[in-house]
Structures are given as structure tokens and as C-alpha cells.
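Dear colleague,

Please find below the structure I am handing over to you. My findings follow it.

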Amino acid sequence: MTVEIGHFALILALLVSLVQMVVPAWGARVGDGRLMAVGGSAAIGTFVLVLIAFVMLADAYVRSDFSVLNVWANSHSAKPFIYRLSGVWGNHEGSMVLWVLILALFGAAVAVFGGYLPATLKARVLCAQASISLAFLVFILLTSNPFERLSPAPMEGRGLNPILQDPALAFHPPFLYAGYVGFSMAFSFAIAALIEGRTDAAWARWVRPWTLAAWMCLTLGIAMGSWWAYYELGWGGWWFWDPVENASFMPWLAGTALLHSALVMEKREALKVWTILLAILTFSLSLMGTFLVRSGVLSSVHAFAVDPKRGVFILAIMTIFTGGGLALFAARAAELKQGGLFSPISREGALVLNNVLLATATGTVLIGTLYPLALEAVTGDKISVGAPYFNLTFGPLMVPLLLALPFGSFLGWKRGDLRAAAERLLVAAGVALVAVVLAFAFMVPGPWAAPLGLALGVWVLAGAVWEVLFRARLGRADAGEVLRRLANLPRSAWGTAAAHAGVGLMVIGIVATTAWQSERIVAMKPGEKTSIAGYTLAFHGIDSGRGPNYSEDRGRFTVTRDGSPVTELFPAKRLYDAPRQPTTEAGIHVALGGDLYVVLGDAQKEGAFAVRLYFNPLVRLIWIGAVLMFIGGALSLSDRRLRVGAPRKSRKTVIVPAE
Amino acid sequence: MTRKQRRLAFILSGLLVIGVAVGLVLFALSGTITYFKTPSDLADNPVQVGQRFRLGGLVASGSVKRGQSLDVEFEVTDTIKAVPVVYRGVLPDLFREGQGVVAEGRLDESGRFRADTVLAKHDETYMPPEVAKALKEKGVKLGEGATHPGSPAGTARQ
């Protein structure tokens, strides 16, 4: 019965979002406040209904109700609770319900927190948001119904792909979706602004926290995916430039640009038209990501089911929203008032450079991702565009961006002084120089450019740290004063510094692990030893064992360094019960300097096993950097001046002294 | 600088960046892409020795031979033609006879394909779409609902 309730709730949600789309927009047109107010209640109603549908589906999964087709196809009663739950979004239908749930959540958030928004703007934002929900609800109900029954009900389900049964991957899709869908807020606000024909700093102040929140989720979601791929796929790599990875990376790049241009708009009322365009493009890229991943045009594990009807449907949704948004932009952008003047050498100028480079980089990733599809459609040739392409195009564009980044933070708004900024950055440059010298001295074998890349990361990191210290007047005031100033720095300043430091750490990690990774493949018999990167590994043999829903052959290795014991590693090959599928579990020794990564391969002749060893120097910094970016975003979001609802609070503080 | 000059400066610097990017893209696309071929494609249009490409098809039944140390030899077939492949290293979990596979590498003088990577994708019901499509074009029948040959309709997972 419960899934029927879910199905019914989803249909009701469709009708309510239809109301949410039409009524407030009509109210805004005729200037009727009561009609506009319908939007808020409808948005909350849509959210509650989609939530009911989602909970009903989750309930069917948790209870392992195999009379539901979707549950039977993707779950198994022997799975641990957490994976029965994550199974809800481990398949196409369920993940689309999650998509709409997050979308409705954002819509409800506008209704709840948007009290001080101008009534017409709020009504139009809700209308735009509802149109997106509507499109996806129709899509789910017509092509991807998760509530379909199966009769007679089988005793047991088919199970979830074992490589998806993993804690990092359980939460990878929700974060990724929160990111994708969060950008719909920027899109809806852009559409509303274009319909209204005006934008101002208040608009940017509203859009930026939502974009920031979406960007934070996307950052974490991508990082989780990369981390998972690193330890689960057993290839020792952390990013493969796979089209599906690119599909999430493009909105991230565009969203990063949007964050920075919205900053200019908020502070200086400049770059208005560009910011609006970027908001439309960022969400379009999110939709494209959904299309690429869900339609099955890509060869990837993410393409759950290859159903042409679905692909065409999502393509239509994408075309309508991207095309419609851009058409509206073309028609109305000219009416938006131009913003303030600024010199090219200024904080704004630096942020423009950031935007130009990030947008171009997004473009190169887009071309690399779509070119194989286009070529196959036109000539029938099947090709693949891999890492070499992206390293050649994306890499060089990041160099000027990273070089310029610390300067941006030290330039003033409106008109900056490049020389003064350079003088202030001498400390960071010095640190980066020391890093180059050290890298050349101690890390001899490796590409010649690697120490320079490393220095680039150190430069960004040192620039971010120095920015905070400089603002606290380190070296120019006594210690007490410095501490007092540090404590009084606005959280957004800490947030910026943390996020930029995260970028620096990530660059260091990427360069180090790419340039100085060592890899060995050997055949080992029990009792034999091998060594890599200063570690010695002794192989003791294979033990067979059982897990909750798999059996495994586990290799036993003891690791020593210079004769003293370091750790034991247990790389394994698992065979899951349902579906019967083998997986590889890498044995990883985590250390500050780098990871020792061991993979157990096939049995060879005479009792030997293939063993693959990697040493990945500083690879942890990649994910630590991403987490630091997330923390930076959170700090910035918690800043009073940015907090949602802040203007209402400041109004209160004005009233207090008057009493 | 006047407003106009400033705008011009911004536009020119933007165009400069885009110009550099277009140059990089064209250069990279001309040098780094790899073509996908099936054994029949290879027979119809021979590829030069040393030219890098991806070979896709099924691992021919009974063809997998393990040699000294970590060398593996097998044949990739599209059921019409077959190409011998040599690989050294650890094969993916889902590498099995009769399964779809994509190998990347080069042909050597003796006509064998020297692979440096072998991909068998993440799910056992999963066949790389390039392979599935290429096989379909060659008229190889796949069971209904199954994504690899030999698997009965609808019950691909069990």
C-alpha cells in the first residue's frame, strides 16, 4: 500500500507545482498580492508531497519489499541497513526522485526564508523553480516510475552493484545532486531578474549564499567520488577525466566563476549581465550533466539503463530550459543597467580574469567531453578523448589563474596598486621559491616542470595564509594586537583564505602524485619480498574469509621501512553473493608523505599472485584541499553579512537603540 | 582610460585567452585522440604498426593463456574476425572469457596487439556501449534484455 501512497503523492506534487508555476506568476503580472502568496504555500506543499514519496520509496527499500520492481532490481535483504537506504538513489528512478526532492527543498527554502524579498521577485523565482520541478516530475511519472509493482513478488532481490556498496559512494549522489540542483536557485533568480528587467546588489546578496551552498555540496560530492574511485577501483588514480566526472566538473567550474562574479555584483554592482548569463549557463551545465549521466549516451557505470525514451526526454528538458533561459537573456539583457566603473588593475579586474579563465577552461572540458559524441554522430568514427587532451588544454589555463589568485586578494576594489600588492606578496613568493629549490634538490627524478607546479601550489597556499596574517598586521603590530585583529577578522575573510588555501593544497597534491607516483607490478609467492619507495613488503599468503554478504580471498602483507615494522596490509578480492560479482579491495597505508597502495591480482603459475604496488606521494592533500574548500565556503556562509535573512536582523538592530 | 578603452581592453584580453584556448584544443585534439576499432574494422582498414587505438570486442572462449611472470595472451573477437592481444599486468576483476572488453595499445610487427590498458567495465551485466553497438552492426545477436551475448533474456544478473 505504501508505495501507492508515494506514487499518489508524486502525482499530487505534479499538480501542486503546476499551481506554483502559474498562479504566482499571474499574480505578479496583475499585481495581486494574494495570488503571489499562493507560491509560498505551494512550494512548501510540493516539498512535503515529494518528501512523502521519497520516504515511501525509502521505506520499501528498508523493509526489502520485493513486490516493488525497483526494490527487487536494486536491493537484497542481506545488505546492511545503510546500503539498503543508499540503494534508493543507487538506481535511475530513485535518484531522479532524490533530484526532485532536493529541488523542492530549495523551493520551500525560498518560501520560508524569502520573507523580505520583493513580492514580485519572490513570486517569479518560485514560478521558475516550479517549472523545473514540473518538468522532472513529468519525466519521472512518464518514463521512470519507481513505484511500479511486480507480481508475483519474488522472494529475494537482485542486489546492488557491490562496488556501489561503500560509505563514500552512499553519500556521493546526494551531495552531487544538492550541488547540481542548488544551481537551479541561481537560474531561477536569473530568470526572475530578467522578467523583472532589473537587478541590483540585493539580488546578488540573495543569490550568492545559495550558489555558495550548492558549490560547497558539489565540491564535497566530487571529492567523495574521486576518493571512492581511488580506493575502490584499484587503479591507484584519483581522477580519470571520464565523461561522467567531467559532467560534474563543468558545473563546478562554472559555479566557481559564478561565485566570484556575484561577489563583484554584490560589492560593486558591476558585471551584472555577465553574472546573469553565468547563472543560466551554470544550471544548464548541471542539466547537461544530468542528461549525459542519465541518458546512457556515455559509456559509463553511471548509465544505469539505456532507454532512448529517457534520453530524449531529458534532452528536451535541457533544451527547453537552456534555450528558454538564453532566449530570455537575449531579449532582456540589454535593459539591465550597466554597473560601476573599475580599472583593469583592481579586485574586480582580477575577478574578471578569474571568470575569463574559468569559463574558458569549462569550454575546453565541454569540447573534450562532447567531441567524441559529435564526431560519432557526424562521421560514425568512434574515438575517445582522454587525459592527455585535458592535461594539454585544461592545465595551461590553470597556470595564469593560480599565478594571479594571490594578487587578487591583495588588490583594492575599483583601483588597485599592483606594485604594492606585489611587495606585500614577497613573503609568499619567497616561500614558493624555497619550495622550488627544495623540490629540485630532493625530488630529482621526475618531469622538469613538476617543481614549478609544486611551487605554484605553495604560492597559492602561502598567499592565502599570508593574506590573513597581513590583515592582522603581523610584523607591524605587537602580538596582542595581531591576535585581537585575527579574532575580529570577518568570517568571510577566513572563508576566502581557507578556500584558497584548499586550492593550493590540492594543486600541491595533484602535482606531487602525478609527477612522482611510483608503480610496480610483480608476481609474488608467499614468503617473497618486494620493495617500493623505501618500503619493503613481505607477502605471507592468502586467507579465505566471509563478510556479511561476500566471501573474500585476503592477502597478508607486512610492511617494513629500514627494518622497522610499519603496518600490515590486507588487499583482497571479494566475491559478492548478490549479484555475484568480484571486486578488488586495495590495501592502503596512509601516511603524511604519501600512500602505499597494494592491489592483489590474479593467481599466476606455481602459486604466485600478481601484485600491483603504488606509492602516491602527498595524494591525501587533494581531498584535504577539497574539504578545506568546503570549510571555507561554510565559514563564508556563516558570516553575518551573508547570512540568509540578514537584512531583517539588521533592521532589528536599528530598532533596538531607539527603544 | 575611458570607459570605451577599458571595455576594449577587457574584450581583447578575453579574446586572447579564448584564442590561446582554441589553439590548445585544436593542437590537443589532433594529437591525443584514440580511435575505437573492432577486429573486423581492423581487417577492412588496416592500421599502421605503432598507431595507438582502442580495440573492442569479446574475449574469445578458450583463448586466454598465461605466460611467464605476468604476461597474458588472449584473443579479442567480434565473432567474425579475431585479433591476438598481449598484455602484461593485472587484469580487471571482470575480465573473463566471453565478456566484453576494451584494450588500448598498439599493433606490433607480428600483427599482435600490445595492450597497455585493458578495461572490462564495472558491472557484469554491463557491456561497453561501443562494443555492444559495434557487435550489433556486425549482426551479432544479443539475447533480449541482456547486455552481453549468451545471457538469457531478462535474467542477466543471476
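Helix H7 of chain A is mostly covered, with 23 of its 30 residues buried. Here a residue is buried if 20 or more other C-beta atoms lie within 10 Å of its own, exposed if 12 or fewer do, and partly exposed in between, with C-beta atoms placed from the backbone. Helices (H or I, at least four residues) and strands (E, at least two) are DSSP runs, numbered from the N terminus.

Please note that this is a predicted model, in which local features need pLDDT of at least 70 and side-chain atom pairs count only at pLDDT 80 or more, while totals for chains, interfaces and linings use all residues. Residues are numbered from 1 along each chain as its sequence is written, and chains are lettered from A and ligands numbered from 1 in the order in which they are written.

H7(A) covers residues 167-196; at 1.5 Å a residue its 30 residues should span 44 Å, and because its end C-alpha atoms are 45 Å apart, the two values agree. The expected span is 1.5 Å times one less than the number of residues. Just after this helix, Gly197(A) takes a positive phi of about 80 degrees.

The largest nonpolar core has 192 residues, and those with the most contacts inside it are Val100(A), Ala186(A), Phe189(A) and Ala279(A). Such a core is a set of buried Ala, Val, Leu, Ile, Met, Phe, Trp, Tyr and Cys residues joined through C-beta atoms within 7 Å. Helix H8 of chain A (residues 201-232) gives the most to this core, with 19 residues. Another core, of 43 residues, lies apart from it and includes Tyr614(A), Leu42(B), Leu55(B) and Ala120(B).

Chain B has 3 helices and 7 strands, and buried residues make up 34% of its 158 residues.

As to the interface, 34 residues of chain B are in contact with 41 residues of chain A, contact being defined as C-beta atoms, placed from the backbone, within 7 Å. On the side of chain B that touches chain A, helix H1 (3-32), strand E1 (34-37) and helix H3 (129-137) each supply at least two residues. The largest share, 14 residues, comes from H1(B).

Yours sincerely

Methods
Two residues are in contact if their C-beta atoms, placed from the backbone, lie within 7 Å.
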